[in-house]
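The following exercises are to be worked with the sequence and the model at hand. Each task is followed by a solution in steps.

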Amino acid sequence: MTSSRVAPGSRLASRLGFSDRVFIGTAGRRIAQAIEDGLELVETGLADDVRVADPLADAASRYLYEAGGKRIRPVLTLLAAQLGDGNTEQVIDVAKALEITHLGSLYHDDVMDGADRRRGVPAAQTVWGNNIAILTGDILFSRASQLMSRLGERAIRLQADTFERLVLGQMHETIGAQPDDDPIEFYIQVLADKTGSLIAAATQGGVIFSNAPSEYEEPLRVYGEKIGVAFQLLDDVIDLSAKPEDTGKVPGTDLRAGVPTMPYLLLKAEADADEASIDLAARIDDGVARIAEGEDPAILDGPLTELRDHVGTQKTLALAHAWTQDAIDALAPLPRGTVREALTRFAETLVERSS
């Protein structure tokens, strides 16, 4: 507690990935302390809310929660709430519910993607099997719904609409773009649904349930959704990094698994007029097919190194920067001060992590 008094914004700034200079001054320190206090309430509540009476369900539902996480969504909810009455009981419940929704989605995503690890531990389905992992995600979704039901119809609708978009995003990613779809637009919508919708609900919920001025709700919803898309576009670039010791992933993990990413989609777009791009796209497609048949994923090492340096990856990075700037621009109606500055700095930090 002593270090918290000396630098009340340091832990919070660390979570968000930037310097605690954002939280200087009396007002900044007060806001940082309020958010840290709120996070303690959220964390304590989560420990109780993910518990289940059944021993198997309890162990499985607590598994990824206990593996940790930065709790970015609760942080954003609490940060937005400082524009209103701050850490109301309703704000804490919303923050918990949306983090539990996020946790539930991880169980489902890891089954769908065949992931081996999550948050530094074996993925849940590698411990209990696919069926238990999926059912655990369902339990967590039900717990989130129970929390939201305490808050009335507005909260229930926010949760239901967000959950629908999460499911549609995963479904559309699974089936892929159809012949009449623009692949780029289709992929952006998948990112908006799978990631942007939940972050948007977090920032929007902070406004609604802190009784902040209603004119702040739409700007923060837009901010959250655009930040979610930018985050995933940057993740596509980082996925091709030549430094797995920094990213914690084998370069090209998604593409090796046959999941198209924006650099690949932009490569395919370039292939309409560029012979070198046509050849590279063909080699990646052939490698993905051979991996699916059981060959060593390392057969894609060379083509993915080429893709990392391709103009499609450069364009992906530029697109992520544009979405980030759009998110920052959406904050214009908010009053100048610590909240707006922290949200802006958080967005800028996302871009910096890819450089």
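**Exercise 1.** Determine which residues Glu 99 touches, leaving aside those up to four places away in sequence, and decide whether Glu 99 is buried or exposed.

*Solution.* The structure is a predicted model. Step one: Glu 99 is located in helix α6. Step two: its contacts, beyond four places in sequence, are Leu 46, Arg 71, Arg 73, Pro 74 and Arg 119. Step three: the relative accessible area of Glu 99 is 1%. Buried means under 20%, so Glu 99 is buried.

**Exercise 2.** Describe the largest nonpolar core and the surroundings of Tyr 223.

*Solution.* Step one: this core has 88 residues, and Met 148, Leu 220, Tyr 223, Leu 233, Leu 307 and Leu 343 have the most contacts inside it. Step two: helix α6 (residues 89-113) supplies the largest share, eleven residues. Step three: among the residues that Tyr 223 touches are Thr 203, Ile 328, Leu 343 and Phe 346.

**Exercise 3.** Characterise the packing of helix α10 (residues 183-208) against helix α14 (residues 262-270).

*Solution.* Step one: the axes lie 10 Å apart at an angle of about 170 degrees. Step two: angles over 145 degrees count as roughly antiparallel, therefore α10 is roughly antiparallel to α14. Step three: Pro 183, Ile 184, Tyr 187 and Ile 188 of α10 meet Met 262, Leu 265 and Leu 266 of α14. Step four: by class, this contact has seven nonpolar, no polar and no charged residues.

Key: Residues are numbered from 1 along each chain as its sequence is written. This is a predicted model: local features need pLDDT of at least 70, side-chain atom pairs count only at pLDDT 80 or more; totals for chains, interfaces and linings use all residues. Side-chain values use heavy atoms; hydrogens and water are left out. A nonpolar core is a set of buried Ala, Val, Leu, Ile, Met, Phe, Trp, Tyr and Cys residues joined through side-chain atoms within 4.5 Å. Buried means under 20% relative accessible area, exposed over 50%, partly exposed in between (1.4 Å probe, protein chains only). Helices (H or I, at least four residues) and strands (E, at least two) are DSSP runs, numbered from the N terminus. Contact means heavy atoms within 4.5 Å. Axes are lines fitted to C-alpha atoms, for helices over the stretch in contact, and angles run from 0 to 180 degrees between N-to-C directions. Angles under 35 degrees count as roughly parallel, over 145 as roughly antiparallel, 65 to 115 as roughly perpendicular and the rest as oblique. Ala, Val, Leu, Ile, Met, Phe, Trp, Tyr, Cys and Pro count as nonpolar, Asp, Glu, Lys and Arg as charged, and the others, Gly among them, as polar.
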